[in-house]
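I opened this notebook to keep track of what I looked up, entry by entry.

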Amino acid sequence: MLRIRFTDADLARTRVVHEPDPLWEVGQSLHRFQTRQGRWAYAHWYRGTCQRLRESGQQRVLREMLVPLFRRGPYYPDFLNPAEASEGLEAGLEAVLATPPRRVLAELLTLAGVSGAPPWVPELVRPDGRRELVRALRDYHATAIAPYGEEIQARIDADRVIRCRALLDGGVEALLDGLGPDIHWRRPVLYVGHPTVDRDIRLDGRGLKLVPSYFCWQTPVPIADPAMDPVLVYPLHQQPSPVQSAGASLTSLLGRTRAIVLRAVAAGATTGELARVAGVSASSISQHTTVLRDAGLITSQRQAASVLHTLTPLGASMLRANLG
């Protein structure tokens, strides 16, 4: 169990990022190769990525370098998740290269003690060793993450709609309490269920950066070093992604009311709000949202007394294809 202790200043400085962090996604996606847990949610990604890794000849690097370094477990090195990655992949990779050798060595020793590490990892203390790692990370990102950029962003956009609703309705404390089934707010502590970690994190006025992650599965992940800016990576709601279809006129394809509903859901909307926009009854809207949900175009989650509907990546893609 993680116990993240907030002051009033921390609540004021808590924020949710609006884009995927490329290096957190790299690390969390590498964990997906190390377990079958949640494989159903990533089936299309797993099949496509395995094929591209074979075709590009990256399987050996994945097996011998990346997976041993990004161990799925209680720890992998924090220098692989620099804050600069929030500015983009290249900024993050530059920060990895610029990490002081003493810090790299200390974190690699921690990895060896906690999860074990292959004998070659001391090479990462040298700049040449880290340059080779950075090349591998860049190639892996291009193969495994970049092709799914729109889908990942669509999931994050939908999640931010939910977080914004919680913030407007109940403030930062409601936002924190609604992050997931294993995350609970009991002022002034955020309790985060974790199967292998038991510790307290004191924010001490620094606030908390919340990073939604497409590839994080069930268990939220904190930065390990208490001296670094506090970060909590939390999993997005996952569901199987259907194959995307070609664009067509929304009205012709879905009918007038469902086309209106799909457009309204782009900003996030409750059942009652959709009924007002479409000019039909709430019971009728429920039938329309059921059809759209079964088609994989929207997702619905209960928020207090309401049901909030947001777009899936397929729904967002269809809407973009029909703009204008």
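The entries below follow the order in which I went through the model.

**Ground rules.** I am working with a predicted model, in which local features need pLDDT of at least 70 and side-chain atom pairs count only at pLDDT 80 or more, while totals for chains, interfaces and linings use all residues. Residues are numbered from 1 along each chain as its sequence is written, and side-chain values use heavy atoms, with hydrogens and water left out.

**Entry 1: salt bridges.** I took a salt bridge to be a side-chain nitrogen of Lys or Arg within 4 Å of a carboxyl oxygen of Asp or Glu. How many salt bridges does a search of the whole structure find? The search returns 13. As background, side chains of opposite charge can pair when their charged atoms come close.

For secondary structure I used DSSP runs numbered from the N terminus, with helices (H or I) of at least four residues and strands (E) of at least two. For accessibility I kept to relative accessible area with a 1.4 Å probe and protein chains only: buried is under 20%, exposed is over 50%, and partly exposed is in between.

Glu107 counts as buried because its relative accessibility is 6%, whereas Arg103, at 29%, counts as partly exposed.

I then turned to Arg131 and Asp128, a salt bridge whose closest N and O atoms are 2.3 Å apart. These two lie three residues apart in helix H7 (residues 127-145), again about one turn of the helix. Arg131 is partly exposed at 39% relative accessibility, and Asp128 is partly exposed at 45%.

Asp159 and Arg163 were my next pair, with closest N and O atoms 2.8 Å apart in their salt bridge. They are separated by about one helical turn because they are four residues apart in helix H8 (residues 149-177). Are these two residues buried or exposed? Both Asp159 and Arg163 are buried. I also noted that salt bridges with shared partners join Arg3, Arg5, Asp198 and Asp200 into one network.

A reminder to myself on spacing: an α-helix has 3.6 residues a turn, so residues three or four places apart point the same way.

**Entry 2: helix H11.** Which residues of helix H11 (residues 271-278) are buried? They are Thr271, Leu274, Ala275 and Ala278. Seen down the axis of H11, the buried residues fall within an arc of 105° (taken over the directions from the helix axis to the C-beta atoms), so they line one face of the helix. Arg276 and Val277, on the other side of H11, are exposed.

With contact meaning heavy atoms within 4.5 Å, I found the buried residues of H11 packing against helix H10 (256-265), strand E9 (269-270), helix H12 (282-294) and strand E11 (306-311). Leaving aside residues up to four places away in sequence, Ala278 touches Thr257, Ile260 and Ile285. Just after H11, Gly279 takes a positive phi of about 70°.

**Entry 3: H11 against H12.** The axes of H11 and H12 come within 9 Å and cross at roughly 100°; the axes are lines fitted to C-alpha atoms, for helices over the stretch in contact, with angles running from 0 to 180 degrees between N-to-C directions. The two helices are therefore roughly perpendicular to each other, a label given to angles of 65 to 115 degrees. Thr271, Leu274, Ala275 and Ala278 in H11 meet Ala282, Ile285, Ser286 and Thr289 in H12.

**Entry 4: backbone.** Most residues other than glycine have a negative phi, and most peptide bonds are trans. A cis peptide bond joins Arg187 and Pro188, with omega about 5°, and Pro188 is in the loop between strand E3 (183-186) and strand E4 (189-192). Asp204 has a positive phi near 55°; this residue lies in the loop between strand E5 (199-202) and strand E6 (209-213) and counts as exposed at 60% relative accessibility. Gln218 also has a positive phi, near 70°, is found in the loop between E6 and strand E7 (221-222), and counts as partly exposed at 47%.

Definitions and conventions:
Parallel < 35°, antiparallel > 145°, perpendicular 65-115°, else oblique.
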